[in-house]
Amino acid sequence: MTPILKEVINITNLNLKKYIIGANTPIETTTGFTPRVYFNNSATTLILKPAMEKFCSLLPIYTYIDVPSSNSEIITKMYEETRDVILELVGGDPNKDIAIFTKNSTEAINVLAQVFFQDAPDQVVLSTTMEHLANYLPYKTRMQTELIKIGENGNIDLDDYVSKLEKYQGRVKLVTVTGASNVTGVIPPYYTMARLAHKYGAKIFVDVVQVIQHFPFTMKPHDCEAHIDFVAFSAHKAYSGLDGGALVGPFNFLKKYLPLDFGSGITKFIDSSQIIYSDPPKKYEAGYPDVLGIITMRAALQFLMKVGLANIDKYERRLYKYLLCKMKEVPSIKIYDDNSPFVGIPYISFNLKGISFKTVASKLGLDYGIEIGKGTVGADLYVQFLLGLSNEEAFEAYNSGKGYGVVRISLGMYNTFEEIDYFICALKKIACGYPPK
């Protein structure tokens, strides 16, 4: 692996902001310009300088892959070797698993849903109330999809999970669960869920789009009961800033099915009477490949591995504990799952009593230059659960135009304690009705 970082990493002060583009860019507010504070890393992270340096270095030699030129050989090699980097990152087995390039995790999940629909259209997919819609709607629109409840501990209700595995025994082919909630940062017990899924003859998919940039993850060996069968992620949430993502899963399973998209590049041979499809991953990668995006993704992932996900995890946990402690000092604040022992990534969602989530978010962004997430942040069912809304109440809020939602803070490896202090000061002023200065 090409070294990107040369200095020794100091866990006490990770200081990765110097590798980020735009972390301190002045942003216009109602009181003038101020250095931006970017707390919306769950939606998309800011961009790594090494990733953009790799992107720019490719431009003078940019060409199509698999054509007879030295430039194409260089580009093709970097493009294809990205699959190996992905398998290394998620602990896939290079002898059994493949990495299929996609635009993002949403496309990857749709590919997977289409594969399982072909496998058994009348199957039951088990999803969870905690999911982002990207890990729910692709199944819900194709097959019967049942939701596993959230338990009293704020995590997946394993009793309800087992009950549904038993109720639909023989029909459950796939269990799908997030690797970490994009709302609260709660980490479901996906290895325990994997053991149970396999016990009942099902496979498991873990959406690691909120995982691979925060802490070490492994699919575990295929002969392990807790093996994760499929994972997917998006590069833009892992500091690349560009399209690019992947679906990782077993070659022998994926080779049996047709792709989601059809077009050039997915066949070995075709005439007017027959089609011989390529083996995966090529069979699933129709059309012009995002060569620059994929190779830039590789640079971003290599950076994370060079820093060390365990190092990033330690630093971000310190940030999270500090943020949570300080937020509890804010008057009239409601923090969701703030006492959960299962929070594993530095995300916090909250509301201020008597102030709309829209107003809080607007004031943070426009008055103080603090960029955050708001609303349902793509996890509508989970936010309804956290807010205690019935289906009827949620629909009424939607119809009224007021909507419903939370304000979400999501930190990344480059955020600082000083930024948290600035945010807390702003939040206290908003809670107490003081204007910005």
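Trainee: Which residues does Phe 423 touch, not counting residues up to four places away in sequence?

Mentor: First, the ground rules: this is a predicted model, in which local features need pLDDT of at least 70, side-chain atom pairs count only at pLDDT 80 or more, and totals for chains, interfaces and linings use all residues. Residues are numbered from 1 along each chain as its sequence is written, and side-chain values use heavy atoms, with hydrogens and water left out. Contact means heavy atoms within 4.5 Å. With that sequence exclusion, Phe 423 touches Phe 39, Leu 323, Met 327, Phe 350, Leu 364, Ile 370 and Ile 409.

Trainee: Which residues touch the most other members of the largest nonpolar core?

Mentor: A nonpolar core is a set of buried Ala, Val, Leu, Ile, Met, Phe, Trp, Tyr and Cys residues joined through side-chain atoms within 4.5 Å. Buried means under 20% relative accessible area, with a 1.4 Å probe and protein chains only. Here the largest core has 119 residues, and Val 175, Phe 350 and Phe 423 touch the most other members. Helix H8 (residues 291-307) gives the largest share, 11 residues; helices (H or I, at least four residues) and strands (E, at least two) are DSSP runs, numbered from the N terminus. A second, separate core holds 22 residues, including Ile 109 and Leu 174.

Trainee: Is Ser 349 buried or exposed?

Mentor: Ser 349, in strand S16 (residues 347-352), is buried, with a relative accessible area of 0%. Its contacts beyond four places in sequence include Val 183, Tyr 336 and Val 407. The side chain of Ser 349 also reaches the backbone oxygen of Val 183 at 2.6 Å.

Trainee: Which residues of helix H6 are buried?

Mentor: An α-helix has 3.6 residues a turn, so residues three or four places apart point the same way. In H6 (residues 190-199), the buried residues are Tyr 190, Met 193, Ala 194, Leu 196 and Ala 197. Among the elements covering them are strand S7 (124-128) and helix H5 (158-167). After H6 comes Gly 201, with a positive phi near 80°.

Trainee: Which residues lie closest to the centre of the largest pocket?

Mentor: A pocket, on a 1 Å grid over the protein atoms alone, is an open set of points where a 1.4 Å probe fits, with protein on both sides within 12 Å along at least five of seven lines; lining residues have an atom within 4 Å of a point. Of the 24 lining residues here, Glu 285, Ala 286, Gly 287, Tyr 288 and Pro 289 are closest to the centre.

How values were computed: Buried means under 20% relative accessible area, exposed over 50%, partly exposed in between (1.4 Å probe, protein chains only). A polar contact is a pair of N or O atoms within 3.5 Å; within protein, one must be able to donate a hydrogen and the other to accept it, and residues adjacent in sequence count only if both atoms are side-chain atoms.
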